[in-house]
Amino acid sequence: MGCYWHAEAVFGGVDGVCSTKVGFVDAVEVVQLQYDSSVVSYGQLLQAFREGHEVGKQWANKKFASAVFASKSQRAEANAGCGAAAVRKLGPFTASKESDQLYYLRQKLPRLLKPTKNKKPTLSAAQLSRINHCIAFKLPYEHVLQKAREGRSSIGSAKSGSGTDTEVP
């Protein structure tokens, strides 16, 4: 799938993904997902994984090799659903530094990541992930900001509450 910033952007565009966090498992770059299983299934996430691959690309650096790190209960479904990618045992996740999170958003609209103490409307972790996805794939993101200004979720039933909320410009 490539570096973790690409994977973070791919999954940030999936309805039901509540937050993404880049980091490492066994020195391999990974993205940890929090998702609402009433909106998106594990199988649909595996489909997004398959579709997000940079097909035919061989990575000289093994930390960019495509793999799904799955719990014991998820391994059978992962083996069936992720194509040629390796399925590995889920190990301890170590989050990357904050400046590596939501990379594309941080490059283009860093003001959205500044926490606020006032009572203005905020962006949820899910909305920030969606905007990061839109920037990475050159898609419009203004509708996400507009819905946040109106106090509506832009991505199904994912709710604010995990991660840092930020002011809507």
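Q: Is the crossing of H1 and H5 left-handed or right-handed?

A: A crossing is left-handed if the near helix is turned anticlockwise from the far one by less than a right angle, and right-handed if clockwise. Here, the crossing of H1 and H5 is left-handed. Keep in mind that this is a predicted model, where local features need pLDDT of at least 70, side-chain atom pairs count only at pLDDT 80 or more, and totals for chains, interfaces and linings use all residues. Residues are numbered from 1 along each chain as its sequence is written, and side-chain values use heavy atoms, leaving out hydrogens and water.

Q: At what angle do the axes of H1 and H5 cross?

A: Axes are lines fitted to C-alpha atoms, for helices over the stretch in contact, and angles run from 0 to 180 degrees between N-to-C directions. The axes of H1 (residues 4-12) and H5 (residues 125-136) cross at roughly 115 degrees and come within 7 Å. H1 is therefore roughly perpendicular to H5, a label for angles of 65 to 115 degrees.

Q: Which residues of H1 meet H5?

A: Contact means heavy atoms within 4.5 Å. Glu8, Ala9, Val10 and Gly12 in H1 meet Ser129, Arg130, Asn132, His133 and Ala136 in H5.

Q: How many helices and strands does the protein chain have?

A: Both are DSSP runs numbered from the N terminus: helices (H or I) have at least four residues, strands (E) at least two. The protein chain has 6 helices and 7 strands.

Q: What share of the protein chain is buried?

A: Buried means under 20% relative accessible area, with a 1.4 Å probe and protein chains only. Of the 169 residues in the protein chain, 42% count as buried.

Key. Buried means under 20% relative accessible area, exposed over 50%, partly exposed in between (1.4 Å probe, protein chains only). Angles under 35 degrees count as roughly parallel, over 145 as roughly antiparallel, 65 to 115 as roughly perpendicular and the rest as oblique.
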